[in-house]
Amino acid sequence: MYTVKTLNNISKMGLDLLPSDKYTVSENVENPDAIIVRSANMLDMELPSNLKAIARAGAGVNNIPIDKCSEKGIIVFNTPGANANAVKELVLTALFLSSRHIYQGMNWAKTLIGKGDEVGKLVEKGKSQFEGPEIKGKRIGVIGLGAVGVMVANDALALGMDVIGYDPFISISSAWGLSCNVIRASSLDNLIATSDYISIHIPLSSKTKGMFNKDKFNIMKKGARLINLARGELVETCDVLEALDKGILSCYVTDFPCEELLKHEGVINIPHLGASTPESEENCAIMAALQVKDFLENGTVRNSINFPDCELEHSGNLRLTTVHSNIPNMIGQITTILAQNKINIANMLTHQKEELAYSIIDIDAALSADVVERIKKIEGLRMVRVLCNP
Ligand SMILES: NC(=O)c1ccc[n+]([C@@H]2O[C@H](COP(=O)([O-])OP(=O)(O)OC[C@H]3O[C@@H](n4cnc5c(N)ncnc54)[C@H](O)[C@@H]3O)[C@@H](O)[C@H]2O)c1
Ligand SMILES: O=C(O)CC[C@@H](O)C(=O)O
């Protein structure tokens, strides 16, 4: 029996994929084998001693202590692309909201309650204050061309915009999906200096935190509009407010409100709704649950942040999986212990990612607790699991 703890509301469509004869799934599980989480902050959480896997039902993993997990041999998954369409649709909404003063106009229209037959006349008289430009023919700069950025860039082209993109780490699959009509920015500053609209789609990390600061606002086109549905901390709050006050920015749309942003008229604050559609919640939950299940039952790794992809067809009668430091002679030490105990290896696979390596070893014989203990004691070994092959 495996136990899975949920830290946020996770769609039932996903959780139902963990059958009740093999899994106990609840927000109240004490010492779980796996955690499925959305945006709950796990950074200061004490990691349960049984924990083997954390699945982020979503894209951003800045709420998960990745380094601490890697040290302990705990795998972290996310669900790439599963909520990208939901975010893209909200970005397109944000584009129009930032341009056409729809939100301000709607609020103003509400002030006409009680004016009775005068409402029509007052609307016509007052509407000019909410005029705003069309997006067609304007330039949008898309920063980060991953699952969301590629969709935003392609759809902005379809809306008649001139699209420039920046992503020095673009993946091959994203490059295949991106329209060849998207202009490749020679630098981030070049994108920022030439765009009427800028949309950010990069992860928050120590390298990207505060990336949008005074220096970037100072090179923007006067009156530019900035859309940030990625993460609040990518943009320095005091600098964005100053850019709005100086008229450098005419609007900032964010999915991450804070007290200061809520008070400013030039900010459109959305309460983190980027992925809040039934479709994306289901997609993320299904992907997260299946990844956890395949890892717990078969040791398969797909879409992990800290582990290398690894998948091996079953052979033999037992499967040993190990997480260890990516240093010489780790496999040598493990296989030596197996050989000393006359255990034949039916098949094996080892892959590495940065400082960590993951191995799947199928064996023909039974494995005593003593052998497992000896393997666990190898220096650099972070996690050992023994699974029964089907
Ligand atoms: N508001 C929401 O609800 C919501 C939903 C989904 C994702 N997000 C946020 O949006 C981010 C992007 O999501 P995604 O699904 O497209 O992720 P993704 O991993 O598919 O794409 C991220 C892209 O950013 C690029 N990148 C990384 N550092 C960069 C840098 N310094 N400059 C330019 N490009 C850089 C990467 O190469 C990658 O192509 C997530 O990390 C998450 O924080 C928010
Ligand atoms: O789970 C959510 O509602 C938000 C998810 C989003 O921020 C993400 O990074 O995928």
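Me: To start, what percentage of the residues of the chain count as buried?
Reply: Please note that this is a predicted model. Of the 390 residues in the chain, 38% count as buried.

Me: How many helices and strands does the chain have?
Reply: There are 14 helices and 16 strands. The C-alpha trace spans about 90 × 50 × 35 Å along its principal axes.

Me: In what order do the 5 strands of the open sheet come?
Reply: The order is β2-β1-β3-β4-β5, and the pairing is parallel. At the edges are β2 (23-26) and β5 (75-77), each of which pairs on one side only. On average, neighbouring strands of this sheet are turned by 15 degrees against each other, direction ignored.

Me: Over how many bridges do β4 and β5 pair?
Reply: Strand β4 (residues 53-56) pairs with β5 over 3 bridges, in the parallel sense. Ala55 has Phe77 in β5 as its bridge partner.

Me: Which strands does helix α12 lie across?
Reply: Helix α12 (residues 278-298) lies across β1 (2-6), β3 (34-37), β4 and β5. Its direction is at about 165 degrees to β4.

Me: Changing topic, which residues come nearest to ligand 1?
Reply: Gly60, Gly144, Gly146, Phe169 and Gly274 come nearest, out of 33 residues around ligand 1. By class, the shell has 18 nonpolar, 12 polar and 3 charged residues.

Me: And which helix gives the largest share of that shell?
Reply: That is α6, with 3 residues. Both α3 (84-100) and α6 (147-158) supply at least two residues each.

Me: Which domains does the shell draw on?
Reply: It draws at least three residues from each of domain 1 (1-82 + 278-306) and domain 2 (83-269).

Definitions and conventions: Residues numbered from 1 in each chain as written. Chains lettered and ligands numbered in written order. Predicted model: local features only at pLDDT ≥ 70, side-chain atom pairs only at ≥ 80, totals over all residues. Near = placed C-beta within 6 Å. Helix = DSSP H or I, 4+ residues; strand = E, 2+ residues; numbered from the N terminus. Nonpolar A, V, L, I, M, F, W, Y, C, P; charged D, E, K, R; others polar. Domains from an automatic or database assignment. Buried ≥ 20, exposed ≤ 12 C-beta atoms within 10 Å, placed from the backbone. Pairing = 2+ DSSP bridges. Axes fitted to C-alpha atoms, helices over the stretch in contact; angles between N-to-C directions. Contact = placed C-beta atoms within 7 Å.
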